[in-house]
Amino acid sequence: MRFDIISVLPGLLESPFAHSILQRAQKKGIAEIVVHNLRDYAAGKQKSVDDYPYGGGSGMVMAIPPFAACIEKLKREREYDEVIFMSPDGETLNQNIANQLSIKKNIMILCGHYKGIDQRIREIYVTREISIGDYVLSGGELPAAVLVDAVVRLIPGVLSDETSALSDSFQDDMLDAPVYTRPADWNGHKVPDILLSGNTPAIEKWRFEQALERTKQRRPDLLA
Ligand code: SAH
């Protein structure tokens, strides 16, 4: 699976993709993540990517030409399943959306800045708009990194223990059960006996009950 991310601050995206599971997925050749510097597609000496908003008001707006040049170049090279704009007014990212995207082949992601991008870019090129939550960040790079991480860890072969993604929170509209590791007794704080029993079916049942209880307590909306 390939991601092409268009950003005016590509440096912001270096570290998130250079560690842990995302790094491993790229080394294994399962995921390819390419960041494009929007400024490389800007004309003129200033390499400017933004301009004053029509109608006045505060904040700058990202202009059409650099985005159009970069998007169209990429579209000539391959077909994209989705062109996603990270935006606080998009649909809120959840595990279901991550699952849907994890079976795609090529995804383009646009990162906004300032007041956002010219509305016409959204109308002409964008197929899906995704928010990572009801708060506003200063740019689309961190949201893009969140989206790519959520999607890539679901691609088969990325996680070493493939079932571990399946038992994560939200995967079946349930939160995950609590987890423990050694020592079994920490200053009198003990691991539940059942987990030391070696009785796999009983442990599975306990985990399910714990997950259900936790979901009822914390996220009853998931069960509705
Ligand atoms: N004026 C816009 C916010 C612009 S913030 C509004 O009120 O909707 C600048 C950029 O950061 C956005 O264009 C978007 O790409 C990104 N961004 C900020 N918050 C985000 C969020 N919660 N989810 C996804 N992208 C976000």
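Where is W186 found? The residue W186 sits in strand 8, which covers residues 185-186. Strands here are DSSP runs of E with at least two residues, while helices are DSSP runs of H or I with at least four residues, and both are numbered from the N terminus.

## Getting started

Welcome to this structure. It is a predicted model, in which local features need pLDDT of at least 70 and side-chain atom pairs count only at pLDDT 80 or more, while totals for chains, interfaces and linings use all residues. Residues are numbered from 1 along each chain as its sequence is written, and side-chain values use heavy atoms, with hydrogens and water left out.

## Two domains

The protein chain is divided into domain 1 (2-152) and domain 2 (169-223). These bounds come from an automatic or database domain assignment. Taken over C-alpha atoms, the centres of domain 1 and domain 2 are 37 Å apart.

## Around the ligand

Let us turn to the ligand. The shell around the ligand holds 20 residues, and M86, G112, K115, Y135 and L137 come nearest. A residue counts as near a molecule if one of its heavy atoms lies within 4 Å of it. By kind, the shell divides into 10 nonpolar, nine polar and one charged residue. In this scheme Ala, Val, Leu, Ile, Met, Phe, Trp, Tyr, Cys and Pro are nonpolar, Asp, Glu, Lys and Arg are charged, and the others, Gly among them, are polar.

A backbone N or O atom of M86 lies 2.6 Å from an oxygen atom of the ligand. A polar backbone atom of S87 is 3.3 Å from a ligand nitrogen atom, and a polar backbone atom of G140 is 3.5 Å from a ligand oxygen atom. On its own the ligand has 560 Å² of accessible area, and the protein covers 85% of that. Such areas come from the Shrake-Rupley method with a 1.4 Å probe; for residues, only the protein chains shown count as cover. Strand 5 (82-92) and strand 7 (128-131) are the elements that give two or more residues to the shell. The largest share, four residues, comes from strand 5.

## The nonpolar core

The largest nonpolar core has 32 residues, and F3, I5, I109, L147, V148 and V152 touch the most other members. A nonpolar core is a set of buried Ala, Val, Leu, Ile, Met, Phe, Trp, Tyr and Cys residues joined through side-chain atoms within 4.5 Å. The elements giving two or more residues to this core are strand 1 (2-7), helix 1 (20-27), strand 5, helix 3 (95-102), strand 6 (106-110) and helix 5 (141-152). Helix 5 gives the most, with six residues.

## Buried glutamates

Buried means under 20% relative accessible area, exposed means over 50%, and partly exposed lies in between (1.4 Å probe, protein chains only). E82 belongs to strand 5 and is buried, with a relative accessible area of 11%. The side chains of E82 and T127 are joined by a polar contact of 2.6 Å. A polar contact is a pair of N or O atoms within 3.5 Å; within protein, one must be able to donate a hydrogen and the other to accept it, and residues adjacent in sequence count only if both atoms are side-chain atoms.

E141 lies in helix 5 and counts as buried because its relative accessibility is 0%. The C-alpha atoms of E141 and I6 are 9.0 Å apart, although 135 residues separate them along the chain.

## Exposed spots and backbone details

Back at W186, this residue is exposed, with a relative accessible area of 55%. Its C-alpha atom is 23 Å from that of N199, 13 residues away along the chain. N187 is in the loop between strand 8 and strand 9 (189-190). N187 has a positive phi of about 50° although it is not a glycine, and at 66% relative accessibility N187 counts as exposed. S20, in helix 1, has a phi near 55° and is exposed at 56% relative accessible area.

The peptide bond from R182 to P183 is cis, with omega near 0°. P183 is in the loop between helix 6 (163-166) and strand 8.

## Helix 8

Our last stop is D221, found in helix 8 (residues 220-223). D221 is partly exposed, with a relative accessible area of 45%. The side chain of D221 makes a polar contact of 2.9 Å with the side chain of R219. D221 and D173 are 48 residues apart in sequence and 9.3 Å apart in space, C-alpha to C-alpha.
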